[in-house]
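These are my notebook entries on one protein chain.

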Amino acid sequence: MADVARLAGVSPTTASKVLNGRSDVGPNTRERVLAVMAEIGYKPTAARHERARDRALVTMLDFVESRYAGTVLKGILVAATSARAELLLRLPPGEPISTSRTAARGWMEEQKESGVAGLVALAVAVPDAVLLAAEDLEVPVVSIDPIDTTESRVVSIGSTNWAGGRSATEHVIQLGHRRIAWIGGPPGSAPSVERFHGYQAALDSAGLTPDRALIRHEAFSVEAGLRHGRDILALAERPTAIVAGNDEIAVGVLAAAKELHITVPGELSVTGFDDTPQTEWTTPRLTSVRQPLVGMGRMAVETVLGMADGVQPASRHLQLATTLSVRDSTGPVPSA
């Protein structure tokens with residue numbers, strides 16, 4: 001195979017793709033490789049020919065129960081299957097791998113020796129020791145919705161979070177709401193911060209001053225939405241709309257409103273973010289900012305495999321557009 005690649009003027013990976021019938025090789029390149037194979041009489045060994053997949057991808061995540069993670073994973077799985085790459089799921093490595101350069105390099109060498117072509121991190125921080133080892137061993141790393149978008153060693157894939165936060169807030173402003181709360185994710189999460197800044201920008205454009213009593217940051221969870229929803233809705237001057245940092249927070253807010261006998265959208269409008277399948281299951285159905293979650297998963301796989309083949313992405317931070325899906329949880333501001 002090395003001789004075929006050298007004589008055809010392509011990489012061993014490209015020659016392997018031709019041998020395995022992969023579709024991501026140009027017709028001229030394919031013909032050239034096949035011609036060289038015929039010329040030198042190359043025949044793959046039976047073991048090589050029968051091997052269905054010639055490389056693997058590691059996806060690192062620390063939660064699988066959320067609809068967000070499940071939907072992104074669907075895109076990752078579809079793309080990996082299409083590329084004939086085996087998909088391996090891993091929790092973020094703990095100590096000593098996460099802190100020791102020696103342990104991290106040993107772990108990464110094990111991954112590479114087992115055929116891993118790249119690593120995809122789903123909404124988790126990749127330990128610095130692992131990043132250094134991946135860089136040394138030329139194993140590309142792509143992060144989806146990274147906590148930190150400034151890490152130059154990682155190509156990140158996300159959505160237009162700022163624009164999404166703004167569009168959700170502008171939607172309720174256009175419905176007449178003026179007292180609008182925000183319940184977001186962790187203050188150290190880049191996607192959450194970007195969405196919050198979009199919320200602030202919409203208020204500023206409308207000449208509205210944010211009320212600090214109506215702004216909360218904690219976790220992307222139903223529990224956080226329920227807890228902060230209870231607190232905010234118990235205020236003497238409660239909001240008429242709540243913009244949530246993700247769908248799970250919004251689900252918690254809906255539960256809090258039901259507990260307090262506050263009707264949605266009659267007395268309170270609620271928006272989410274992600275537009276996961278659960279938005280169609282809530283009562284009422286949830287208005288949410290749609291992230292192309294399946295598309296983000298697919299793009300991560302395509303990007304990391306391209307990098308493994310030596311193709312660098314046009315940008316280190318790739319963003320897919322968000323859109324607002326308006327459903328039943330938002331309505332006109334209630335009359336006095």
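Predicted model: local features only at pLDDT ≥ 70, side-chain atom pairs only at ≥ 80, totals over all residues.

Entry 1. Which residue in β2 does M60 stand opposite? I found R90 in β2 opposite M60. Residues are numbered from 1 along each chain as its sequence is written, and side-chain values use heavy atoms, with hydrogens and water left out.

Entry 2. I looked up the strands β1 (residues 55-60) and β2 (residues 85-90), which pair in the parallel sense over six bridges. Strands (E, at least two residues) and helices (H or I, at least four) are DSSP runs numbered from the N terminus, and two strands pair if DSSP finds at least two bridges between them. From β1 the chain crosses through α5 to β2, and this β-α-β crossover is right-handed (with the strands pointing away from the viewer, the path from the first strand over the helix to the second runs clockwise).

Entry 3. Of its 25 residues, L122 and I144 touch the most other members. Helix α12 gives the largest share of this core, seven residues. Not counting residues up to four places away in sequence, I list for L122 contacts (heavy atoms within 4.5 Å) with M60, L61, F63, Y68, A69, V72, L73 and I144.

Entry 4. Is helix α2 (residues 12-19) largely enclosed or open? Six of its eight residues are buried, so α2 is largely enclosed by the rest of the structure. Buried means under 20% relative accessible area with a 1.4 Å probe, protein chains only. The buried residues are T14, A15, S16, K17, V18 and L19.

Entry 5. Finally, I looked up the largest pocket, which holds about 500 Å³ of space. A pocket is an open set of points on a 1 Å grid over the protein atoms alone, with protein on both sides within 12 Å along at least five of seven lines; lining residues have an atom within 4 Å of a point. Its volume is the space filled by probe spheres set on the points, which are joined across faces, edges and corners. I noted 26 lining residues, of which F63, Y68, A123, F220 and N246 lie nearest the centre of the pocket.

Key:
Core = buried A, V, L, I, M, F, W, Y, C linked by side-chain atoms within 4.5 Å. Buried < 20%, exposed > 50% of the residue type's maximum accessible area, 1.4 Å probe, protein only. 1 Å grid on protein atoms, 1.4 Å probe; cavity = no way out; pocket = protein on both sides within 12 Å on 5 of 7 lines; lining within 4 Å.
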